[in-house]
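Trainee: I have a model to go through with you. Can we take it helix by helix?

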Amino acid sequence: MVIFIIYFFFPNNNFSLDSLGYGSEVKHGGNLFAAHHLLYNFFNWIVYKTISFVIPTIDALRLMQFVNAVFAIGSLLLLRKIIIKQVNDVVKSNILTLFVASCFGIMRFAVEAEAYIIPI
C-alpha cells in the first residue's frame, strides 16, 4: 500500500530529456514507432487519445507517469505471487516484494515517463 501511494501520488517533477521527448511525441502524434522503443510511444498515444477524449486538458507526461505506475504495481503484484509460490511464506514474500519495489531502478522508472517499466 505504501508503494502504491509513493508511485501514484509522488511522481517525478524533474523530467529527463527522454521523457520530454516521449511526451512530445505522444502529445503531437509524431514518431510513434521509434526503433529503440518500438511500441512505448504508440501504446501511450492510444491511452492519451482515449483519456483526452474524456478529459481534454490532461497532460501527456503525467498520464504516461500514471501508466508506468500502474504497470509497475502490476509487475510487483505478479512478482509477489511468484515469490509466494516459491517460498510458501506470505510475510517473506511481502518483504522481498517491498525490497524490490524500493530499489532505485524500479522506483525511478515507475515515477518517470520512461520506456522501461512496461516491458517488465
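Mentor: Start with terms. Axes are lines fitted to C-alpha atoms, for helices over the stretch in contact, and angles run from 0 to 180 degrees between N-to-C directions. Helices (H or I, at least four residues) and strands (E, at least two) are DSSP runs, numbered from the N terminus. This is a predicted model: local features need pLDDT of at least 70, side-chain atom pairs count only at pLDDT 80 or more, and totals for chains, interfaces and linings use all residues. Residues are numbered from 1 along each chain as its sequence is written, and side-chain values use heavy atoms, with hydrogens and water left out.

Trainee: How many helices and strands does the protein have?

Mentor: Read the elements from the N terminus: α-α-α-α-α-α. The count is six helices and zero strands.

Trainee: At roughly what angle do the axes of α2 and α3 cross?

Mentor: Helix α2 covers residues 17–28. Its axis and that of α3 come within 9 Å. Angles under 35 degrees count as roughly parallel, over 145 as roughly antiparallel, 65 to 115 as roughly perpendicular and the rest as oblique. α2 and α3 are therefore oblique to each other, crossing at roughly 50°.

Trainee: Which residues of α3 meet α2?

Mentor: Contact means heavy atoms within 4.5 Å. On the α2 side are Y22, E25, V26 and K27. Their partners in α3 are Y40, N41, N44, W45 and Y48.

Trainee: How are α3 and α4 oriented to each other?

Mentor: Helix α3 spans residues 40–54 and helix α4 residues 60–87. Their axes come within 10 Å and cross at roughly 110°. The two are therefore roughly perpendicular.

Trainee: Which residues of α4 meet α3?

Mentor: α3 contributes Y40, F43, N44, V47, Y48 and I51. Facing them in α4 are A60, L63, M64, V67, N68 and F71.

Trainee: Is N68 buried or exposed?

Mentor: N68 is found in helix α4. Leaving aside neighbours within four places in sequence, N68 is in contact with Y40, F109, A110, E112, A113, E114, I117 and I118. Buried means under 20% relative accessible area, exposed over 50%, partly exposed in between (1.4 Å probe, protein chains only). N68 has 0% relative accessibility, so it counts as buried.

Trainee: What share of the residues in the protein is buried?

Mentor: The protein has 120 residues. Its C-alpha trace spans about 50 × 30 × 25 Å along the principal axes. Buried residues make up 35%.
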